[in-house]
Amino acid sequence: MNIHSFVHHSYPHQYNRLEGLLEHINEYDIVCLQEVFSLHTPVSDTGVRKKRILDVWEGHHVKSKRPERYLPCVQDSGLMILSKFPWVASNSIVFKKWSYTEILCSKGALHAHLKIGDESLHIITAHLDAHSKGVREKQLQQIKDELIAPILKSDPNAKIVASGDWNIDAIGDKESYGFLQKTLAPLVNIVDEDPTIDHPITFPRIKKSLDHILYKDIHCTMSTRVVEYTTPDGVPVSDHLGVSASFSV
């Protein structure tokens with residue numbers, strides 16, 4: 001969403017952009033959001049944007065927890081998982097490694113264990129470092145070690161969907177994208193499973209494919225498609241395009 005508490009860094013028109021998204025948000029069963037940041041200090045918590053989303057969303061939610069460090073202020077991870085299905089457990093991590101330019105953001109990953117009838121589904125969303133390939137590799141490994149591996153240890157047949165802003169270009173940076181594929185295995189990108197489609201451009205300004213949906217042991221009924229919403233006056237709701245897919249459990 002590119003909604004920062006440090007307003008000068010945020011993509012313009014953040015409140016109108018948020019309303020543009022909210023016009024469509026209840027069309028989905030599960031929504032993973034990145035960059036809905038809240039600013040935390042020892043005496044305040046600016047969570048008004050998250051509150052507005054939850055006022056409109058017709059379902060359950062999991063959001064990033066309050067950061068543990070203050071510098072003297074810091075943003076949380078900006079992650080949210082919205083679900084029409086109840087969750088039975090949740091977990092989040094804050095990355096141990098980050099670029100110095102991102103020290104004011106507690107980037108990480110968020111996990112929700114959902115109950116869908118008699119079935120279980122694990123949803124993970126993440127937002128990786130925007131500046132350093134080496135840092136992103138460490139962050140991917142942390143996601144594997146602290147979220148994916150424990151899920152699979154508990155249930156080797158677990159159904160998992162992982163999405164987010166990975167900041168790894170599947171079109172122009174094959175080496176980094178290959179590292180993502182290897183590290184997050186046995187999860188696979190939906191696009192890689194369908195030879196008839198290409199990786200979609202999700203960051204139009206520089207024509208990169210940075211946002212991906214990966215999955216394991218769940219049937220995909222519609223492959224990744226780009227989602228582009230605007231405000232009534234034509235402003236895109238984010239600098240990234242959304243990605244959407246359909247699954248059956």
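**Lys216 and its surroundings**

Author: In this predicted model, the side chain of Lys216 makes a polar contact with the side chain of Asp217, at a distance of 2.5 Å.

Reader: Is Lys216 buried or exposed?

Author: The place of Lys216 is in strand E12, and, leaving aside residues up to four places away in sequence, Lys216 touches Leu152, Pro156, Asn157, Ala158, Lys159, Ile160, Pro186 and Leu187. A residue counts as buried under 20% relative accessible area. Because its relative accessibility is 7%, Lys216 is buried.

Reader: In what order do the strands of the open sheet that includes E12 lie?

Author: The open sheet is formed by six strands, and their pairing is mixed. Strand E7 (87–94) and strand E11 (188–189) are its edge strands, each pairing on one side only. Read across the sheet, the order is E7-E8-E9-E10-E12-E11.

Reader: Which residue in E8 stands opposite Val94?

Author: E7 and strand E8 (residues 108–116) run antiparallel, and seven bridges join them. Within E8, the residue opposite Val94 is Gly108.

Reader: Which helix packs on the sheet?

Author: The helix in question touches E7, E8, strand E9 (119–127), strand E10 (160–165) and strand E12 (211–216). Its direction makes about 160 degrees with that of E7. This helix, spanning residues 133–154, is H3.

Reader: Which element supplies the largest share of the largest nonpolar core?

Author: The largest nonpolar core has 23 residues, and those with the most contacts inside it are Leu128, Ile143, Trp166, Leu180 and Leu184. E9, H3, E10 and helix H4 (174–184) each supply at least two residues of this core. The largest share, six residues, comes from H3.

Reader: Which residues does Ile143 touch, not counting residues up to four places away in sequence?

Author: Ile143 is among the residues with the most contacts inside the largest nonpolar core. With residues up to four places away in sequence set aside, Ile143 touches Ile93, Phe95, Ala109, Ala126, Leu128, Ile148, Trp166 and Leu184.

Reader: What percentage of the contacts in the chain with a separation of 6 or more comes from residues 24 or more positions apart?

Author: The chain has four helices and 14 strands, and buried residues make up 50% of its 249 residues. Its accessible surface comes to about 11,800 Å², of which 54% belongs to carbon and sulfur atoms. Among contacts with a separation of 6 or more, the part from residues 24 or more positions apart is 71%.

Terms used:
Residues are numbered from 1 along each chain as its sequence is written. This is a predicted model: local features need pLDDT of at least 70, side-chain atom pairs count only at pLDDT 80 or more; totals for chains, interfaces and linings use all residues. Side-chain values use heavy atoms; hydrogens and water are left out. Two strands pair if DSSP finds at least two bridges between them. Contact means heavy atoms within 4.5 Å. Axes are lines fitted to C-alpha atoms, for helices over the stretch in contact, and angles run from 0 to 180 degrees between N-to-C directions. Buried means under 20% relative accessible area, exposed over 50%, partly exposed in between (1.4 Å probe, protein chains only). Accessible areas come from the Shrake-Rupley method with a 1.4 Å probe; for residues, only the protein chains shown count as cover. A polar contact is a pair of N or O atoms within 3.5 Å; within protein, one must be able to donate a hydrogen and the other to accept it, and residues adjacent in sequence count only if both atoms are side-chain atoms. A nonpolar core is a set of buried Ala, Val, Leu, Ile, Met, Phe, Trp, Tyr and Cys residues joined through side-chain atoms within 4.5 Å.
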